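Biologist: Please take a close look at one part of this model for me. I would like the metal site, explained step by step.

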Amino acid sequence: MIRTCASYSDDQLRQLLLGNDDGPTGSVDHLAECSNCQARLERLAADAEQWSEIRDSLQLERDFEPGFELPLENNRSRSPNKDRDHWLRHATWTESMAKSLLSPASHPEMLGRIGRYDVERLIGSGGMGVVFKAYDTELNRPVAIKLLAPYLAGSGSARNRFAREARAAAAVVDDHVVPIHNVETGNEQDNGQPFLVMKFIPGGSLQQRIDREGPLELCEILRIGMQAAKGLAAAHAQGLIHRDVKPSNILLDEGVDRALITDFGLARTTDDASLTRSGFHPGTPHYMSPEQVRGEAIDARSDLFGLGCVMYAMCTGHPPFRSETSYAVLRRITDDTPRSICETNALIPEWIERIVMKLLAKSREARYSSAFEVYTLLEKCLAHVQQPTIVPLPVELQQKPQRRLWLPVLAIASIGIALTCGVWWTQPRPVGNADTATVVSTETVSTESVLQWESDLPEMESLRRDFVPVEKKSTKLWDIEPKQ
Amino acid sequence: MLPSPPETRASLIVRLRDVADVAAWDEFMTIYGPLVYRLAIRQGLQAVDAEDVVQQVFIAVAQSVHQWLDRPQPNRFRSWLLTIARNIAIKTLTRRPHGGVGLGGERGWNDLAAPDGDWSSQFDFEYRQEVYRWAAEQVQNTVASNTWKAFQLTHIEGVSIAAAAERLGMSIGNVYIARSRVVNRLRELAKQFEVSQ
Ligand SMILES: [Zn+2]
């Protein structure tokens, strides 16, 4: 037993241990001198064995080799960190594992069978389950089938939650939410496990597209953002909060340029008592809202934060809050302002940044009030970008005119933008939208619409990239002061 | 402000009883996944098969963790998990016609005969390492960077207290406090995983 010292009692030393990072208020010079206090402080923190266990554990993390011999002959040179990283990277499902959940296949080219569905391949996996592409042999159509992870399948509460998810998600009917066909229970061969049959959406996720292409084009950002907002609005109208809005949960139907929200895996109905519980997932916290991180109650506006993250990722190619570790990411979500989008991608107009930053507001009150509001706003923005000479930018996004610009060149440039967007526009509207744009000549440009453009100086930046020839004709045009 | 402060968290293993507790299972997999995977690799299994073993072990745990918890005097969870993992790994190994990566199927049985002490001390060691590694990640992100560095330099890298104080521009007293504070926090975090049991 170590005797005490008059300068610090054990309790005072404990206070030092638990104190915050600002450090103790008084001088701690005594600690530098007094070996008694040093020893007691150490002992209060952990016993000697723990101190050395900690050192051994973390030292080996840095360098595996020194002094330690694995008891087994093989793999002596194998770094445990390499295995660990490998495992964490591949902690998701492989086809062979997924196969074990299925009945034997009826065709050799199939992975297996469940109920009346021929399962073709594994298309996704997450904390709660796995998703297969399958074929409905009765209705002759491809479907996506979601199964509970096997460790969950045996649990009544997990099954209930799964069924609740299915019921809640099935109630949401919208062009921009992946439709759920039905919920089934497998037969005995399938261990009687419940599974969800959804519409199969060919074309992959928004995450895959961002991985492949990096930042998206302006019109695509607006279109996908708008459609995702509409899907969320439909879910919210049913009292359902998604809770996990992120690019990998937005599917892009390749045929018709339609974005659909999927995976209400974490979704809970708003009257669910467990709503306040944090849906903490170490793997993917990048798109969590600050209130989720803090473990506070969430509401529909938490999904708007997720939508802001998604739009940010479409603009820049990466999520707004990045860091080495999950915890650092979470900390940034609650504490940091993300880096300016326009600084990262000069093709993005400043008003989009304002929309995204408003979605990313730390306080729910400072965000938009509903997904529907965001949907209508983005719809107007898209119309404006497609037909800048006809549709003004929504008033709330306009800023005061700053400098006169050379009108005709602007108009031509605007039409160019409208043309690029017209190609992507697939909402129900008159065919030949692009044609409409082409007939707009410099003569027909009204003063108002040009003033409209004047108010959006950052857009010049994107025009400059897209229309180099225009720039050559008029160097004056670009001679504007950079935005604040 | 970060979610579920470990001090107030029920023991992880108890929470596994609720298999729908996704957060608990995620944490469990983060800690135990690499251990079981490594064990399987060391048995001579290929990566794909080792991943398979990990999944099977988790399924087995999910199915029987409540039985283990309900035992009047449960043995250590880790020993129980180790037994499951070994059995599954060996079963997988011997099921393969060529016993995994070019090792004869007999190799697996030889390993089975290896003294238990080696196995479990190695497993304990790696387990501890996994837990402290995880804990270090949490602590490093929640303390001031100098607090962490004071610990890192003096306790891990063997720099003297005085030298570290000078390097970090801290008083010697504060270096003592910082390193102890980090160790205290690591111990607190590791407690729920019963590393020193
Ligand atoms: Zn003293």
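Modeller: Along the chain, the donors of the zinc ion follow the spacing C-x24-H-x3-C-x2-C. Donors here are N, O and S atoms within 2.8 Å of the metal (3.2 Å for Na, K and Ca); water is not among the atoms, so sites may look incomplete. The protein donors are A:Cys5 (SG), A:His30 (NE2), A:Cys34 (SG) and A:Cys37 (SG). They lie 2.0 to 2.3 Å from the zinc ion.

This is a predicted model: local features need pLDDT of at least 70, side-chain atom pairs count only at pLDDT 80 or more, and totals for chains, interfaces and linings use all residues. Residues are numbered from 1 along each chain as its sequence is written, chains are lettered from A and ligands numbered from 1 in the order in which they are written, and side-chain values use heavy atoms, with hydrogens and water left out.

Now the geometry. The angles among the four donor atoms run from 100 to 122°, and the site is tetrahedral. Four donors count as tetrahedral if all angles lie between 85 and 135 degrees.

A:Cys37 has a relative accessible area of 0%, so A:Cys37 is buried. A:His30 has 25%, so A:His30 is partly exposed.

For the complex, the predictor gives an ipTM of 0.73 and a pTM of 0.54.

Conventions
Tetrahedral: all angles 85-135°; square planar, octahedral: opposite > 155°, others 65-115°. Buried < 20%, exposed > 50% of the residue type's maximum accessible area, 1.4 Å probe, protein only.
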